[in-house]
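Hello,

I am passing on the structure we talked about, and below it you will find what came out of a first look. Please open it beside this message, so that you can follow along as you read.

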Amino acid sequence: MSDLTSPLSCFGRALRQALCAEAAAQTEREICGLIGARAGRAVSHYPIRNGAADPRQRYAMDPAAQIAAFKLMRAREETLAAIYHSHPDGAPIPSPRDAREWTYPEALCLIVGLAGGTPELRAWRWTGQGFAAVVLPDD
Ligand SMILES: [Zn+2]
């Protein structure tokens, strides 16, 4: 399958580095959060507490923190562009559970994989049947 075009026109290097740094600083748990965009450009990220009982194996965004992030995003006139999480022990590829529990079909799925020692960020788009790889635009 060929890579899909990103719905975002811009995903800056600073944002990319921030997500990788956040994941690399928390190797004992999956990080998770939201990416806000304005006019097709990813502009902010909102780290959300992972409230899962087994946060190394999965993520579950803390509901109150998620609502607060959505409110802030709306106040800044941003829209939800992507949801990110990390795989502390794995590759940046969606797991079967990621696919099963995906509830935002319009948003990109960003995953930072830490298995290789260096954080690797990859983007995925829900097709209705599964995730297809997306190439993120550079600055
Ligand atoms: Zn995952």
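Please keep in mind that this is a predicted model. Taken along the principal axes, the C-alpha atoms fill a box of roughly 40 × 35 × 30 Å, and 32% of the 139 residues count as buried.

As for how the chain is built, the protein has three helices and eight strands, which follow one another along the sequence in the pattern β-β-α-β-β-α-β-α-β-β-β. If you take the contacts between residues at least 6 apart in sequence, 65% of them join residues at least 24 apart.

Which residues of helix 1 are buried? They are L15, L19 and A23, and because they cover an arc of only 70° around the axis, they sit on the same side of helix 1. An α-helix has 3.6 residues a turn, so residues three or four places apart point the same way.

The buried residues of helix 1 pack against strand 2 (10–11), strand 4 (41–48), strand 5 (79–87), strand 6 (108–113) and strand 7 (120–126), whereas the face turned away from the buried side carries the exposed residues R13, A14, Q17 and A21.

Best wishes

Notes. Residues numbered from 1 in each chain as written. Predicted model: local features only at pLDDT ≥ 70, side-chain atom pairs only at ≥ 80, totals over all residues. Helix = DSSP H or I, 4+ residues; strand = E, 2+ residues; numbered from the N terminus. Buried ≥ 20, exposed ≤ 12 C-beta atoms within 10 Å, placed from the backbone. Contact = placed C-beta atoms within 7 Å. Arc of directions from axis to C-beta.
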